[in-house]
Amino acid sequence: MSSWLRPAGTRGDIKLVRTNLGAARLDPRDCPTKRGSDARPMLIADPEPPELIEKFQDFTLKVFMDALDLIEHERNDPEWVIGELRRTEGTFGLYRRSEAHPLLLSWSAEAVRRYLAARAADQHARQAAGLPLTVPVRDTWVVGKDPGPVDARGADTYEMTAWGRRYAALDGSTRELWLLTFGAAKEDRPEAEKAAAAYVAARGRPARGGWRKRHTPIPFDELPQHRTALPEQVRVIEFGCGDGNHNELLDWNRQEARQHFTAEGWPALRQAIDGTGTRPGTGCVDCKALTGCEALPHSPELLRITPPERRRPRRSVSVTDLRAYRACPAKYHATRQLKLRSSNPESPEVRRGRVVDEVLNRRHGSMPYRSCEELPGPADPASWGAGGLHLSGKEAFDGAAMLEQHAFYCPLDGLAPEEEVRVQYQAVCYDPELDLVLIATPDLLHTRRGGWIWRETKTASRYLYEGESLLKHSPQLALGVLMLAAGVLGGAVARSRVELELLHTDDVTFEELDPSRPRTVDEAREVIAQLAQPWIRDQDYPADPGRHCGSCEALEWCQPGIEHLATTEQEPDDHRL
């Protein structure tokens with residue numbers, strides 16, 4: 001009998017086990033059962049959902065990769081390919097392809113040019129150092145155990161793959177794997193991920209096929225010499241599509257790649273393969289086992305909004321998504337769905353808020369937990385930081401003052417040791433009628449005498465206006481009210497509360513909401529419905545230029561926003577008033 005049991009709500013073969021680089025990251029927020037299910041590509045949902053295609057492409061790198069294939073493997077002129085990218089709206093004339101949003105087209109065209117420049121610079125450096133140049137490799141590299149006896153996991157085949165751009169030296173001595181990130185090039189990746197990438201590059205055999213079936217190795221007599229021999233040296237390079245920079249993450253010989261994989265890569269992949277247990281979160285959206293999952297709360301009619309006329313693939317939504325959509329549908333699509341972010345520096349207020357938030361998360365997450373009142377502030381209030389960000393001057397003084405104000409309202413002060421505390425916990429529920437996964441991540445959750453306390457802590461540059469609706473001001477609170485009222489977290493609703501803590505430099509605004517009061521629940525539902533109803537039926541995500549364009553993270557790819565700002569800058573001040 002297999003030691004890995006097929007999850008409820010799934011069917012199919014579990015004999016093929018396949019891992020990729022994502023499996024090696026082992027994000028603690030991931031669901032172990034989803035990781036284990038993803039590692040078994042022939043396992044499918046039961047019942048299997050219909051194949052639904054969105055109007056717009058939501059795989060950010062798809063257009064970018066297709067364009068590079070045409071350039072590197074088909075040897076087309078780069079500018080011609082970029083022209084075709086725009087003319088065909090990212091489909092390149094292929095049937096049943098979602099087109100790309102205009103913002104994705106602009107981003108992809110820039111990313112292609114940046115990538116080609118980075119590759120050319122890297123090759124020039126290698127040539128100057130007397131090292132062999134590398135050429136593109138079309139076929140996937142696969143490391144694995146061919147079909148054999150079924151083992152204790154119920155598997156007879158193991159495969160490892162590594163998604164990225166592949167290259168090899170003509171003499172077969174070197175292989176390269178270029179890994180991609182949407183924004184700035186990362187300085188590093190988890191050791192297990194790097195080890196898995198290097199091992200696939202060092203040991204992988206060219207193969208085709210895959211997806212829900214085993215890969216088929218390409219016969220050696222069909223391959224050029226440089227693609228048949230295993231390399232002596234492997235390089236893994238990080239490329240940032242957003243800034244065009246590239247970093248060499250490793251340059252190992254074959255023996256070093258094997259040693260690192262044994263020590264760091266395989267233990268992480270084995271943990272992913274053997275994953276059991278559930279943790280609802282963002283992964284629920286494409287989880288094969290969703291229909292049979294008992295850990296995911298089902299909350300039909302939580303939102304009470306009208307479903308879209310045309311059925312669409314399962315989606316997730318958070319209040320942050322809805323607020324971005326309200327500001328501009330194109331911004332929502334670019335920043336929330338495609339995860340594209342400008343490399344421009346954050347505003348001082350945003351940076352300060354992130355640093356304060358990081359400090360509070362660390363404090364509240366310490367074990368055993370204790371009140372922030374017992375903890376010292378920054379040693380130097382004029383210069384400090386956290387989470388890789390540094391504050392100085394007024395930002396630093398203001399942030400330190402806000403931490404001091406929080407100490408008087410820290411929810412852990414006087415909390416009984418037997419109560420449960422969750423920091424940045426993803427509260428998740430599923431609406432089957434809308435086929436929608438709702439996600440909220442409060443700053444802090446904790447139990448108190450049988451109820452749940454949902455705390456949102458924000459840094460603020462202004463006070464609440466008198467008479468302003470608290471739920472409209474902070475829709476995150478509205479979703480918290482609805483989730484607690486629906487019993488998503490369990491506990492006694494009458495003992496539960498949603499709290500808002502607005503930190504100022506010299507004071508704290510503290511507000512409390514009772515999710516057991518029908519009037520509060522009705523207002524919360526109205527607030528969320530007003531945000532969600534236009535979002536759920538929209539599939540065009542048009543740009544909506546306005547005052548927000550100046551601080552938009554997607555502005556550099558948005559022609560309507562750029563034109564709007566250019567127009568307003570030319571208008572006289574009295575006209576803008």
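1. Basis of the values. This is a predicted model, in which local features need pLDDT of at least 70 and side-chain atom pairs count only at pLDDT 80 or more, while totals for chains, interfaces and linings use all residues. Residues are numbered from 1 along each chain as its sequence is written, and side-chain values use heavy atoms, with hydrogens and water left out.

2. The largest nonpolar core. This core (a set of buried Ala, Val, Leu, Ile, Met, Phe, Trp, Tyr and Cys residues joined through side-chain atoms within 4.5 Å) has 45 residues, of which Leu-303, Leu-438, Trp-454, Leu-471, Leu-479, Met-483 and Trp-535 touch the most other members. Buried here means under 20% relative accessible area, exposed over 50%, and partly exposed in between, with a 1.4 Å probe and protein chains only. Among the elements that each supply at least two residues of this core are helix H7 (319–327), strand S20 (451–459), helix H12 (475–485) and helix H13 (518–537); the helices (H or I, at least four residues) and strands (E, at least two) are DSSP runs, numbered from the N terminus. The largest share, nine residues, comes from H13.

3. Leu-479 and the second core. Leaving aside neighbours within four places in sequence, Leu-479 is in contact (heavy atoms within 4.5 Å) with Leu-302, Val-319, Leu-438, Ile-439, Ala-440 and Ile-528. A second, separate core of 39 residues includes Val-112, Cys-549, Cys-552 and Leu-555.

4. Helix H9. Residues 348–365 form this helix of 18 residues, which reaches 26 Å from its first C-alpha to its last, close to the 26 Å expected at 1.5 Å a residue, where the expected span is 1.5 Å times one less than the number of residues. The buried residues of H9 include Arg-351, Arg-352 and Arg-363 as well as Val-355, Val-356, Val-359 and Leu-360.

5. The structure holds 47 salt bridges, each a side-chain nitrogen of Lys or Arg within 4 Å of a carboxyl oxygen of Asp or Glu. In one of them the side chains of Glu-499 and Arg-455 meet at 2.6 Å, N to O, and the pair links distant parts of the chain, with Glu-499 in strand S21 and Arg-455 in strand S20, 44 residues apart. Glu-499 counts as buried because its relative accessibility is 3%, and Arg-455 is likewise buried, with a relative accessible area of 4%. Arg-497 and Glu-512 also meet in a salt bridge, at 3.9 Å; here Arg-497 is buried at 19%, whereas Glu-512 is partly exposed at 44%.

6. Glu-191 and Lys-194 meet at 3.2 Å, N to O, in a salt bridge, and both lie in helix H5 (residues 191–203), three residues apart, about one turn of the helix. Glu-191 is partly exposed, with a relative accessible area of 39%, whereas Lys-194 counts as buried at 8% relative accessibility.

7. Arg-35 lies in helix H1 (residues 32–38) and is buried yet has no salt bridge, the nearest side chain of opposite charge, Asp-30, being 4.1 Å away; Lys and Arg count as positive and Asp and Glu as negative, while His and the chain ends are not counted. The side chain of Arg-35 reaches the backbone oxygen of Asp-27 at 3.3 Å. Not counting residues up to four places away in sequence, Arg-35 touches Leu-26, Asp-27, Asp-30, Gln-271 and Ala-272.

Technical notes: Polar contact = N/O pair within 3.5 Å; in protein donor to acceptor, adjacent residues only side chain to side chain.
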